[in-house]
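Please examine the structure shown below.

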Amino acid sequence: MTEDDQTDEISQIEDRIERLAEIAERCRKYILASKIAIGGGGALLFAILGLWGAGQTAALGSIALVLGGIVSLGSNVSTLRQTESAIGDAEALRSQLIGRIDLRVVADAPMKLV
C-alpha cells in the first residue's frame, strides 16, 4: 500500500468518524427528549390522578407519553453505545494506519522564510 493510498484511507476513516459523531450527538438529543417525555408524562399522570380525578383521555395520553419515552430512551441508548464502539474501532484503525506511514523529521529548517 502506497503512502497516498494510506492517506486516502485515513481520510475516509476520518469522514466515517465524523458521520458517526453526528449520529452520536443526535442520539444524545433524543435521549434527553425521551427523559423529558418520561418525566413530563409521569408528572402529568400524577397531577391528573391526584388533582382532577380521572380524566381518561389525559391519563391515557400521559401513559402513552411515558411508555413512548421509555421505548425511545432504550432504543437511542443502544444506538449510542453501538455508535461509540464503532467510533473507537475507527479511531484505532486510523491510529494504526498513521503509525504505518514513514514519517520523516524535518531538521535544520529555517525559522523564517526570507
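**The chain as a whole**

In the protein chain, 86% of the contacts with a separation of 6 or more are made by residues 24 or more positions apart; contact here means heavy atoms within 4.5 Å. This is a predicted model, in which local features need pLDDT of at least 70 and side-chain atom pairs count only at pLDDT 80 or more, while totals for chains, interfaces and linings use all residues. Residues are numbered from 1 along each chain as its sequence is written, and side-chain values use heavy atoms, with hydrogens and water left out.

The secondary structure of the protein chain consists of 2 helices and 0 strands. Helices (H or I, at least four residues) and strands (E, at least two) are DSSP runs, numbered from the N terminus. Of the 114 residues of the protein chain, 23% count as buried. Buried means under 20% relative accessible area, exposed over 50%, and partly exposed in between (1.4 Å probe, protein chains only). The chain exposes about 8,400 Å², of which carbon and sulfur atoms supply 60%; accessible areas come from the Shrake-Rupley method with a 1.4 Å probe, and for residues only the protein chains shown count as cover.

Helix α2 covers residues 56–100, which is 45 residues. The expected span of a helix is 1.5 Å times one less than its number of residues. For α2 this gives 66 Å, and the end C-alpha atoms are 66 Å apart, which agrees. Buried residues of α2 include A59, S62, V66, G69 and N76, and T83, I87 and L97 are also among them.

The largest nonpolar core has 9 residues: I10, I13, I17, L20, A86, I87, A90, L97 and I101. The elements that give two or more residues to this core are α1 (3–51) and α2. A nonpolar core is a set of buried Ala, Val, Leu, Ile, Met, Phe, Trp, Tyr and Cys residues joined through side-chain atoms within 4.5 Å. Leaving aside residues up to four places away in sequence, I87 touches I17, L20 and A21.

T83 also lies in helix α2, and it counts as buried because its relative accessibility is 7%. Beyond residues up to four places away in sequence, T83 touches L20, I23 and A24. A polar atom of the side chain of T83 lies 2.8 Å from the backbone oxygen of T79.

On the other helix, C27 is placed in α1. With a relative accessible area of 5%, C27 is buried. Its contacts, apart from neighbours within four places in sequence, are with N76, T79 and L80. The C-alpha atoms of C27 and L73 are separated by 9.1 Å, although the two residues are 46 residues apart along the chain.

Charged side chains come next. The count of salt bridges comes to 2, a salt bridge being a side-chain nitrogen of Lys or Arg within 4 Å of a carboxyl oxygen of Asp or Glu. R28 forms one with E25, the closest N and O atoms being 3.7 Å apart; these residues are 3 apart in helix α1, and so are separated by about one helical turn. The side chains of E84 and R28 also meet in a salt bridge, at 3.0 Å from N to O. E84 lies in helix α2 and R28 in helix α1, so this pair ties together parts that are 56 residues apart in sequence. R28 is partly exposed at 37% relative accessibility, E25 is partly exposed at 39%, and E84 is partly exposed with a relative accessible area of 38%.

Key. Polar contact = N/O pair within 3.5 Å; in protein donor to acceptor, adjacent residues only side chain to side chain.
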